[in-house]
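Please walk through this predicted model sheet by sheet, then turn to its pocket and its backbone exceptions.

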Amino acid sequence: MTIDWKKQAQDYREQYLQDLKELIAIPSVRDDEHKTDEYPLGEGPAKALDKFLSFGKRDGFITKNIDNLVGYIEYGSGDQTFAMQSHADVMPAGDGWETEPFVMTEKDGSVFGRGTSDDKGPGLAAYYGLRMLKDNGIKPNMKIRLIIGTDEESDWTGMKHYFDVEPQPTLGFSPDAEFPLINGEKGNAAYETTFGHTNGQAYTLKHFDSGLRTNMVPGNATALVETDNNEQFVDAFTDFLDKTPLSGDIKATGEGIAVHLIGKQAHAMAPENGINAGTYLAAFLNQFDFEGDAKNFIAFIADYLHDDTRAHKIGANYTDQIMGELTMNVGIMKFDFQNGGMVNTNFRYPKGTDNDQILKQLAEVADKFGGHVKQISHMVPHYVDPQDPIVKTLLNVYEEQTGATDVKPEVVGGGTYARMMKRGVAFGALFPGTQDTMHQANEFQPIDDLLKAMAIYGQSIYELTAK
């Protein structure tokens, strides 16, 4: 059968954008504080999952919601299963938006809003790719499922639940990364280093707060400091701003001096693309005579974590010829004069090193400051042979649809659901040359890119399941 995949995608344009608008309107950030038996990850992620599944019901597909944690849209039958793994949850909006983050805004040929790029826009494009088969009467030779998770941006509770109660897919891809194709994902380990709450007299750290998630470079940082040396402290901050790539403000309050730094959010897989407001704030505070656990908390960040996304200072740096460099993101930093401090670090590591080695190096440094390290999460590296038919087929489709030549698979630091399948790869929807705004303010995706991805997904599903 000959199908003009690009024309079909254009025919879906208006309905696709309307569906995406409805998805973006749901603030589907995981919310453990307000979880219930009905909404185990909060109401937002479950509502977004239900909205996704409603499109499948509307269009005549089989759908299933599994405990408001994960769900799927199904087409075809057979002993084997081809899976596309997407997610309906999003990162917190954060600051710095020029449009409303949960109102999809069309501007200059792009759609803006939290989830347009990660991952509601691409996941919906994959859904419409699946619709192309059904609308053209194509019967696949295996079962196809678009599986929709609800907490990919945290600990994958939903997708792990799917794999606990449903059979392992045979092969598939996750539309949650970039083109042309990702066949390798680094290991992903997160640790929490805790400190006590003792403080000093000349300078008292009453409060320090930076970061929203492990997998996001913090764009903001605040601290509240009590000191009798107000003028010296304010002058030093002004001088600090003149020498760094951040903005900020400082003011006296009834409780002390409030400091605010503004950096740049970025995805933790490439922390060098951001400006970590939290580690910069620690670097500023480190010049003053804090004492006790407050001093240790500040110095640990400033001396060993700040401005070192490759973890040289703690001795965990490593590079593999195929999978590249280890990276480190300092995602969350908090201190309270009553409860103590916490620093969350996230490492993306290649083959050749491992979780035990990283933990050992981090713990040795933390011990110098009286810090105690515990592991929060860990996933080993994932790699699919470039000669696997799924890799070769998807790259061939990409070349045919884009006109690109001699494209090769890549290894990245990001973690997608694809790593949960032995023959799983990440496939789009960010095109080379398009700005990556995932996990950042003013997240967007060009509409033409999303429609082009839709055509690629449609042909890819067809080539892998129906020919």
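S110 stands opposite P446, a residue of β26. S110 belongs to strand β5 (residues 110-112), which pairs with β26 in the antiparallel sense over 3 bridges. Strands here, numbered from the N terminus, are DSSP runs of E with at least two residues, while helices are runs of H or I with at least four; two strands pair if DSSP finds at least two bridges between them. The model is predicted: local features need pLDDT of at least 70, side-chain atom pairs count only at pLDDT 80 or more, and totals for chains, interfaces and linings use all residues. Residues are numbered from 1 along each chain as its sequence is written, and side-chain values use heavy atoms, with hydrogens and water left out.

The pair β5 and β26 is part of an open sheet of 3 strands, ordered β4-β5-β26 with antiparallel pairing. β4 (105-107) and β26 (444-446) are at the edges with a single partner strand each, so one side of each has no neighbour in the sheet. From one strand to the next the twist averages 25°; axes are lines fitted to C-alpha atoms, for helices over the stretch in contact, and angles run from 0 to 180 degrees between N-to-C directions.

A second open sheet has 8 strands, in the order β14-β15-β13-β11-β19-β20-β10-β21, again with antiparallel pairing. Its edge strands, β14 (247-253) and β21, each pair on one side only. The twist in this sheet averages 20° from one strand to the next. Within it, β10 and β20 pair in the antiparallel sense over 9 bridges, and T193 has V343 in β20 as its bridge partner.

Strands β10 and β20 also matter for the next topic, the largest pocket: β8 (177-178), β10 (187-195), β20 (340-349) and β21 (372-379) each supply at least two residues of its lining. The volume of this pocket is about 850 Å³. Of its 40 lining residues, the closest to the centre are E153, S154, D155, T214 and N215. On a 1 Å grid over the protein atoms alone, a pocket is an open set of points with protein on both sides within 12 Å along at least five of seven lines, a cavity is a set where a 1.4 Å probe fits but cannot get out, and lining residues have an atom within 4 Å of a point. Grid points are joined across faces, edges and corners, and the volume is the space filled by probe spheres set on the points.

By class the lining has 14 nonpolar, 13 polar and 13 charged residues, where Ala, Val, Leu, Ile, Met, Phe, Trp, Tyr, Cys and Pro count as nonpolar, Asp, Glu, Lys and Arg as charged, and the others, Gly among them, as polar. The pocket lies between domain 1 (5-185 + 382-466) and domain 2 (188-379), because both give residues to the lining; the bounds come from an automatic or database domain assignment.

Most residues other than glycine have a negative phi, and most peptide bonds are trans. The bond from F179 to P180 is cis, with omega near 10°, and P180 is in the loop between β8 and β9 (182-185). The bond from G428 to A429 is also cis, with omega near 15°; A429 is found in strand β25 (residues 429-430).
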